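Please open the structure in your viewer and keep the selection panel at hand. The tour below moves from one selection to the next and says what is to be found at each stop.

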Amino acid sequence: MNRRAIVKGALGGVLGLTLPPLARSAFSQGSPAVVPVSEGFVMLTGAGGNVLVRTASTGQVLVDSGAAAFTDAVLADLRGLAGGGRATTVFNTHWHREQVGGNLAFGRSGVTIIAHEKTRAHLATDYYLQDEDRYEKALPAAAHPTVTFFTGDKTLAGNERIEYGHLLEAHTDGDIYVFFRDANVLAAGDAISPLKDPVLDWFGGGWLGGRVDAQEKLLKLSNEKTRIVPSYGPVVGRAELQAEFDMTRMLFDRMLDLVKQGMSAQDMLDAGLMKDLNRTFRDPFRFTYDAHKGYWAHHNSLSPDVL
Ligand SMILES: [Zn+2]
């Protein structure tokens, strides 16, 4: 039995808040694996970003489609699940390439792709990557979202309600959540980051204030039984989301104060920005630099004495 088969075997196990040890080990490996989320839901992990799958004989619903390099592997995994690989709907939580790489294959098969309008716009045009000083090319038309929205909407999968909405500027300018209300499964995209450092794509419109608001919105949508699926890392519960929100809020408040004092990212770190947080950052400077940049675009809304 190979590793993937073992992980798939874990699907029949107890679907508690904590993942089985074998599923947990999949996060550190390179190839996609199927891990349980709750009844009727699994997550493909290691395919770029996480891919949440609602499995059903009437058709599968996906949140995100993984990185392009993993499309064949994702499709193979889907064929082995209830619904036999027949996807009806794919949501994109945002426009980063690790979330939309499978869009082309799904779009060509006539699958409905739902995303925020900003995501469609980013995928339909070349856009500049400030970090890498190059343009990311537009995706072929078949990979573009076919249904877009600005604030939010809802749909049905069978009798099951799916609600989705914008998470304004939480990580990019096109972040959304997808909430399977009846199953109580909430896909949060990269608006939460339970394991790795939070990423603020400031050039793509993400900033700390947006992240605070987004996590507050996710807290309001969830209860103690909600299974919350991030773009990276394990499925979490409301307690973990609350802990991350508390940290994000503390960083926002501290940074607001330090921005008003005219500090640089390094000044802020030296002044104790990261002191006594409930987690340790792998690259504190990178996070602080990006978060600081995000404030620049929002000086006019911080408070009257900022400028
Ligand atoms: Zn992202």
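A nonpolar core is a set of buried Ala, Val, Leu, Ile, Met, Phe, Trp, Tyr and Cys residues joined through side-chain atoms within 4.5 Å. Keep in mind throughout that this is a predicted model.

**The whole chain**

Begin with the protein chain as a cartoon, in which the secondary structure comes to 11 helices and 14 strands. Of its 307 residues, 53% count as buried. If you switch to a surface view, the chain exposes about 13400 Å², and carbon and sulfur atoms supply 53% of that area. Among contacts between residues at least 6 apart in sequence, 61% join residues at least 24 apart.

**The largest nonpolar core**

Which residues touch the most other members of the largest nonpolar core? Select Leu208, Leu218, Leu251, Met255, Phe287 and Tyr295, which hold that place in a core of 38 residues. The elements that give two or more residues to this core are S12, S13, H7, helix H8 (238-260), helix H9 (265-270) and helix H10 (284-296). Colour H8 on its own, for the largest share of the core, 9 residues, comes from this helix.

Now centre the view on Phe287 and show what surrounds its side chain: leaving aside residues up to four places away in sequence, Phe287 touches Pro198, Leu200, Leu208, Leu251, Met274 and Phe281.

Next, select strands S10 to S14, which form an open sheet of 5 strands in the order S10-S11-S12-S13-S14, with mixed pairing. Its edge strands are S10 (152-157) and S14 (227-230), each of which pairs on one side only. Looking along the sheet, you may follow its twist, which averages 20 degrees from one strand to the next.

Start at S10, which pairs with S11 in the antiparallel sense over 6 bridges; in this part of the sheet, Asp153 stands opposite Tyr164 in S11. Go on to S12 and S13, which run antiparallel and are joined by 3 bridges, with Phe179 having Leu186 in S13 as its bridge partner. These two strands form a hairpin with 4 residues between them, and in the turn Asn184 has a positive phi of about 60 degrees. S13 and S14, by contrast in direction, run parallel and are joined by 4 bridges, and here Val185 stands opposite Arg227 in S14.

Stay with S13 for a moment and show its side chains: are its residues mostly covered or left open? The strand is mostly covered, since 5 of its 5 residues are buried. Val185, Ala187 and Gly189 point one way from S13, whereas Leu186 and Ala188 point the other way.

At the S9 end, 3 bridges join S9 to strand S6 (residues 112-116), and the two run parallel; Ala115 stands opposite Thr148 in S9.

**The zinc ion**

For the last stop, select the zinc ion: which atoms coordinate it? The donors are His94 (NE2), His96 (ND1) and His171 (NE2), at 2.1 Å, and along the chain they follow the spacing H-x1-H-x74-H. His96 lies in the loop between S5 (87-91) and helix H4 (97-100), and His171 in the loop between S11 (160-166) and S12 (176-180), so the pair ties together parts that are 75 residues apart in sequence. Both histidines are covered by the protein: His96 counts as buried at 18% relative accessibility, and His171 is buried with a relative accessible area of 1%.

Terms used: Residues are numbered from 1 along each chain as its sequence is written. This is a predicted model: local features need pLDDT of at least 70, side-chain atom pairs count only at pLDDT 80 or more; totals for chains, interfaces and linings use all residues. Side-chain values use heavy atoms; hydrogens and water are left out. Buried means under 20% relative accessible area, exposed over 50%, partly exposed in between (1.4 Å probe, protein chains only). Contact means heavy atoms within 4.5 Å. Accessible areas come from the Shrake-Rupley method with a 1.4 Å probe; for residues, only the protein chains shown count as cover. Donors are N, O and S atoms within 2.8 Å of the metal (3.2 Å for Na, K and Ca); water is not among the atoms, so sites may look incomplete. Two strands pair if DSSP finds at least two bridges between them. Axes are lines fitted to C-alpha atoms, for helices over the stretch in contact, and angles run from 0 to 180 degrees between N-to-C directions.
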